[in-house]
Amino acid sequence: MYRVLLITSDSTGKKALKSGLLEQGFGVAVVEPQEVLKEDFNPGKIDVIIVDLERSQVEPHKLCHTLKRDRTLKDLPLLTKPLKISELLTRVRGVLDAPVP
């Protein structure tokens, strides 16, 4: 099972995105952007990162810099959230070369 790290502070969108990813067979870890900036942040095994900073107080460049500095996350595909869940699922499958269930 592929695991997705979903970084978002949008509580409404978070539920819909997590649900959509789970329905398609992905494992999902959801964190607030502020959590990623903590020194002891460790999401475990992750295959792709989805970032939604639409309602976040964290500056996008600071978050991306932190992700790229982390040796376990720096080489992972990083996607920004599009508006439709279907488009997001297509992008996730594309970067992971994952089959459609």
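Tutor: Let's start with helix 3, residues 60-69, which gives the most to the lining of the largest pocket, with 3 residues. (Helices are DSSP runs of H or I, at least four residues, numbered from the N terminus.) The model is predicted, so local features need pLDDT of at least 70 and side-chain atom pairs 80 or more, while totals for chains, interfaces and linings use all residues. Residues are numbered from 1 along each chain as its sequence is written, and side-chain values use heavy atoms, leaving out hydrogens and water.

Now find the lining itself: V36, L37, K38, E39 and F41, together with T66, L67, R69, D70 and L73. Here a pocket is an open set of points on a 1 Å grid over the protein atoms alone, with protein on both sides within 12 Å along at least five of seven lines, and lining residues have an atom within 4 Å of a point. About 160 Å³ of space lies in this largest pocket, counted as the space filled by probe spheres set on the points.

What sort of residues surround that space? The lining has 5 nonpolar, 1 polar and 4 charged residues, where Asp, Glu, Lys and Arg count as charged, Ala, Val, Leu, Ile, Met, Phe, Trp, Tyr, Cys and Pro as nonpolar, and the others, Gly among them, as polar.

For another setting, turn to helix 1 and helix 4: L17, G20 and L21 in helix 1 meet I85, L88 and L89 in helix 4, with contact meaning heavy atoms within 4.5 Å. The residues of this contact divide into 5 nonpolar, 1 polar and no charged.

Notes. On a 1 Å grid over the protein atoms alone, a cavity is a set of points where a 1.4 Å probe fits but cannot get out, and a pocket is an open set with protein on both sides within 12 Å along at least five of seven lines; lining residues have an atom within 4 Å of a point. Helices (H or I, at least four residues) and strands (E, at least two) are DSSP runs, numbered from the N terminus.
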